[in-house]
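Hi everyone, thanks for coming. I'd like to walk you through one structure today, a few residues at a time. Have a look at it on the screen first.

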Amino acid sequence: MIKMNDIVREDDPVLREKAKEVPLPASEEDKAILASLIEYVKNSQDPEIAEKYGLRPGIGLAAPQIGVSKRMIAVHVNDENGNQLSYALFNPKIVSHSVEKAYLTSGEGCLSVDRNVPGYVHRYARVTVKAVTLEGEEVKLRLKGLPAICMQHEIDHLNGVMFYDYINEKAPFQIEENAQAIER
Ligand code: K2U
Ligand code: NI
């Protein structure tokens with residue numbers, strides 16, 4: 001199982017690389033890596049397991065964060081209706097998105113960043129993502145709210161982008177016009 005010391009921290013060059021497409025159908029090794037990512041996110045949200053192994057809670061994790069520069073991500077998050085969404089994806093791609101932006105009023109954090117970086121991260125309010133699941137099925141996901149924010153945060157990790165790259169240093173809490181505030 002992935003533990004905190006398996007998670008690379010900022011300044012590790014792998015977090016700034018463009019991760020490589022995963023050849024499909026996925027190899028057993030790549031399937032095991034993706035399964036370990038979704039396992040971490042689920043474990044980190046289980047108070048007993050998180051406590052026992054000192055896991056920092058997360059709603060997503062990308063392969064570069066465990067030093068694997070391949071296009072794989074895991075997202076495990078409740079949508080605004082309280083439905084549990086759980087995605088373990090190969091080669092996710094944002095194929096369309098809203099013009100409208102959204103941001104978490106709490107700001108963002110990152111399992112690879114051991115410090116607070118205050119400020120709003122403006123992302124697309126809605127995204128449509130195409131990907132292949134752990135089971136090898138092609139999916140097209142239409143997401144909004146926190147799931148959309150999380151999916152964009154994870155796909156950014158595949159492109160070497162960190163959440164604080166978006167924060168306006170001079171006015172970190174400036175809100176872009178018409179941006180939707182998301183409470184979490
Ligand atoms: O990729 C990661 O480092 C995991 C992040 C993903 C994330 C950060 C900010 C906004 C959306 C997703 C961790 O989940 S940070 C912890 C967290 C937990 C709940 C909500 C937001 C962030
Ligand atoms: Ni992150």
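Let's begin with S69: is this residue buried or exposed? Its relative accessible area is 14%, and buried means under 20%, so S69 counts as buried. Please keep in mind that we are looking at a predicted model. You can find S69 in the loop between β1, residues 60-62, and β2, residues 72-78. And what does its side chain touch? The side chains of S69 and E17 are joined by a polar contact of 3.0 Å.

Now for the metal. Which residues coordinate the nickel ion, ligand 2? They are C110 through its SG atom, and H153 and H157, each through NE2. The distances run from 2.1 to 2.3 Å. If you read along the chain, the donors of this nickel ion follow the spacing C-x42-H-x3-H. Two of these residues link distant parts of the chain: C110 sits in the loop between β4 (101-104) and β5 (123-124), while H157 belongs to helix α3, residues 145-158. They are 47 residues apart.

How accessible are those two? C110 has a relative accessible area of 4%, so C110 is buried. For H157 the value is 1%, so H157 is buried as well.

Let's move on to ligand 1. There are 15 residues around this ligand, and the ones that come nearest are I59, G60, Q65, L111 and E154. With I59, a backbone N or O atom lies 2.8 Å from an oxygen atom of ligand 1. With Q65, a polar side-chain atom is 3.0 Å from an oxygen atom of the ligand. With E154, an N or O atom in the side chain lies 2.8 Å from an oxygen atom of ligand 1.

How much of ligand 1 does the protein cover? On its own, the ligand has 480 Å² of accessible area, and the protein covers 92% of that. The space that ligand 1 takes is the largest pocket. Which element gives the most to the shell around the ligand? That is α3, with four residues.

Next, some backbone geometry. As a bit of background, most residues other than glycine have a negative phi, and most peptide bonds are trans. With that in mind, look at L24 and P25: a cis peptide bond joins them, with omega at about -5 degrees. P25 lies in the segment before α1, which covers 28-44.

N91 is not a glycine, yet its phi is positive, at about 50 degrees. You'll see N91 in strand β3, residues 84-97. Its relative accessibility is 13%, so N91 counts as buried. N178 also has a positive phi without being a glycine, at about 65 degrees. This residue is in the loop between α3 and β8, residues 180-182. At 64% relative accessibility, N178 counts as exposed.

One last stop, in helix α1, where we find I33. I33 has a relative accessible area of 14%, so I33 is buried. How far is its C-alpha atom from that of G82? The two C-alpha atoms are separated by 28 Å, and the residues are 49 apart along the chain.

Conventions:
Residues are numbered from 1 along each chain as its sequence is written. Chains are lettered from A and ligands numbered from 1 in the order in which they are written. This is a predicted model: local features need pLDDT of at least 70, side-chain atom pairs count only at pLDDT 80 or more; totals for chains, interfaces and linings use all residues. Side-chain values use heavy atoms; hydrogens and water are left out. Donors are N, O and S atoms within 2.8 Å of the metal (3.2 Å for Na, K and Ca); water is not among the atoms, so sites may look incomplete. Helices (H or I, at least four residues) and strands (E, at least two) are DSSP runs, numbered from the N terminus. Buried means under 20% relative accessible area, exposed over 50%, partly exposed in between (1.4 Å probe, protein chains only). A residue is near a molecule or strand if one of its heavy atoms lies within 4 Å of it. A polar contact is a pair of N or O atoms within 3.5 Å; within protein, one must be able to donate a hydrogen and the other to accept it, and residues adjacent in sequence count only if both atoms are side-chain atoms. Accessible areas come from the Shrake-Rupley method with a 1.4 Å probe; for residues, only the protein chains shown count as cover. On a 1 Å grid over the protein atoms alone, a cavity is a set of points where a 1.4 Å probe fits but cannot get out, and a pocket is an open set with protein on both sides within 12 Å along at least five of seven lines; lining residues have an atom within 4 Å of a point. A molecule sits in a cavity or pocket if more than half of its atoms lie within 2 Å of its grid points.
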